[in-house]
Amino acid sequence: QPFLNKTGDVVVAVKRKHCTAEDVKVVVEDDRIVLFEEDIPAARAVGEFGMLVLFNSPAVSRVFFETVERFLANQQHKSRLIDALNNMIQQGYTFTPYFFDEHLGVEVDTYDDLEKARALEKLFREEVSLHSPALH
């Protein structure tokens, strides 16, 4: 099922892999993401946070940005993106995983990597215009 067609308040790309200590791990229960965290046993995780998030409504997007602003205003809170996402989970928003393997993201270190990234962008734009004509 395409990324843009997933249901839930928030759709999150999750890379299926055996996580390492440095990875931001994702915990899923009953087909919903329940936690993003670095400092948990890798065995608890289904994969790594893919750093791609889709808010399925403007209202949910506003909640996210208000949460980030609140965290940044609190000088004692060491804010991370995952802190805001975890806070939204605690508030009851549903987070749906979109699982992918190596093909969704590309680390660009060489010209070959850049070409892979361009091809990926083209595929993503095609999916967006196919499923959301108003966005192109």
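A search of the whole structure, a predicted model, finds four aromatic pairs. One of them joins Phe-64 and Phe-65. The geometry of this pair is edge-to-face. The ring centres lie 5.0 Å apart, and the planes make an angle of 75°. Phe-64 has a relative accessibility of 8% and counts as buried, because the cut-off for burial is under 20%. Phe-65 has a relative accessible area of 47% and is partly exposed. Elsewhere, Phe-36, Phe-49 and Phe-95 form one aromatic cluster.

Helix α1 spans residues 58–73. The helix has 16 residues. From the first C-alpha to the last, α1 reaches 22 Å, close to the 22 Å expected at 1.5 Å a residue. Six positions are named as buried in this helix: Val-60, Ser-61, Val-63, Phe-64, Thr-67 and Phe-71. These residues lie on the same side of α1, because they cover an arc of only 160° around the axis. The other side of the helix carries exposed residues, namely Pro-58, Glu-69, Leu-72 and Ala-73.

The strands form an open sheet. Five strands take part, in the order β3-β2-β4-β1-β5. Their pairing is mixed. The edges are held by β3 (32–37) and β5 (95–100). Each edge strand has a single partner strand, so one side of each is left without a neighbour in the sheet. From one strand to the next, the twist averages 40°.

Strand β2 (residues 25–29) runs antiparallel to β4. Two bridges join these strands. At Lys-25, the bridge partner in β4 is Glu-48. Helix α2 packs on the sheet. Its contacts there are with β1, β3, β4 and β5. The direction of α2 makes about 145° with that of β3.

Phe-64, a member of the edge-to-face pair, is among the buried residues of α1.

How values were computed: Residues are numbered from 1 along each chain as its sequence is written. This is a predicted model: local features need pLDDT of at least 70, side-chain atom pairs count only at pLDDT 80 or more; totals for chains, interfaces and linings use all residues. Side-chain values use heavy atoms; hydrogens and water are left out. Helices (H or I, at least four residues) and strands (E, at least two) are DSSP runs, numbered from the N terminus. The expected span of a helix is 1.5 Å times one less than its number of residues. Buried means under 20% relative accessible area, exposed over 50%, partly exposed in between (1.4 Å probe, protein chains only). The arc is that of the directions from the helix axis to the C-beta atoms. Two strands pair if DSSP finds at least two bridges between them. Axes are lines fitted to C-alpha atoms, for helices over the stretch in contact, and angles run from 0 to 180 degrees between N-to-C directions. Contact means heavy atoms within 4.5 Å. Rings of Phe, Tyr and Trp (its six-membered ring) pair if their centres lie within 6.5 Å; planes under 30 degrees apart count as stacked, over 60 as edge-to-face and the rest as tilted.
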